[in-house]
Amino acid sequence: MHIAVASQDFEHVTGHAGMARRFIVFAAEAGAPPHEVKRIELPQEQTIHSADPDASHPLDEVEVLIAGSAGGGFVNRMAQRGVMTVITAQTDPAQAVADYLSGKLAAPAPHDHSQDHDESEAGGCCCGAEAH
């Protein structure tokens, strides 16, 4: 299993995952501690907030993405890519992965666009999606 952690400085877990450009990817295998396998640095146009949802993306290779914060739009976009988003208050990326693997972190529910809620003045949903 591959797990990405949003980390703008490659040292701490970063919030606002939709605009994050740097990620540490860990491999998690049964019977072994997770270990870093690579780092991803995205150009601005490939942040999840900006990326074409139908185009392939470097984060498509992971099963889980951990961040300090993520809006409903991000959670939904990643779910459409087959990636589960998990939020943590942990600041150490390796510890955040260990916490996920031990069951201490849970994924937020995807945002339900069928529910009535306020749309922003810009015409978009509160989660960042287009108005619906």
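What covers the buried residues of α2? The legends below take up this question in a predicted model.

**View 1. The buried face of helix α2 and its cover.** In helix α2, which spans residues 93–101, the buried residues are Pro93, Ala96, Val97, Asp99 and Tyr100. Seen down the axis of α2, these buried residues fall within an arc of 160 degrees, so they line one face of the helix. Their cover includes the strands β1 (2–6), β2 (22–27), β4 and β5 (84–87). The helix α2 lies across β1, β2, β4 and β5, and runs at about 135 degrees to β1.

**View 2. The two ends of α2.** At the N-terminal end, aspartate 92 caps α2, with a side-chain oxygen that lies 3.3 Å from the backbone nitrogen of alanine 94. Just after the helix, glycine 103 takes a positive phi of about 85 degrees.

**View 3. The open sheet.** The sheet is formed by 5 strands in the order β3-β2-β1-β4-β5, and their pairing is mixed. Because β3 and β5 stand at the edges with a single partner strand each, one side of each is left without a neighbour in the sheet. From one strand to the next, the twist averages 25 degrees. Strands β1 and β4 pair in the parallel sense over 3 bridges, and isoleucine 3 has valine 64 in β4 as its bridge partner.

**View 4. Valine 62 in its loop.** Valine 62 lies in the loop between β3 (35–41) and β4 (64–67), and with a relative accessible area of 3% valine 62 is buried, because buried means under 20%. Leaving aside neighbours within four places in sequence, valine 62 is in contact with His2, Ala4, Val25, Gly82 and Val83. Although valine 62 and methionine 1 are 61 residues apart in sequence, they are 7.3 Å apart in space, C-alpha to C-alpha.

Technical notes. Residues are numbered from 1 along each chain as its sequence is written. This is a predicted model: local features need pLDDT of at least 70, side-chain atom pairs count only at pLDDT 80 or more; totals for chains, interfaces and linings use all residues. Side-chain values use heavy atoms; hydrogens and water are left out. Helices (H or I, at least four residues) and strands (E, at least two) are DSSP runs, numbered from the N terminus. Buried means under 20% relative accessible area, exposed over 50%, partly exposed in between (1.4 Å probe, protein chains only). Contact means heavy atoms within 4.5 Å. The arc is that of the directions from the helix axis to the C-beta atoms. A polar contact is a pair of N or O atoms within 3.5 Å; within protein, one must be able to donate a hydrogen and the other to accept it, and residues adjacent in sequence count only if both atoms are side-chain atoms. Two strands pair if DSSP finds at least two bridges between them. Axes are lines fitted to C-alpha atoms, for helices over the stretch in contact, and angles run from 0 to 180 degrees between N-to-C directions.
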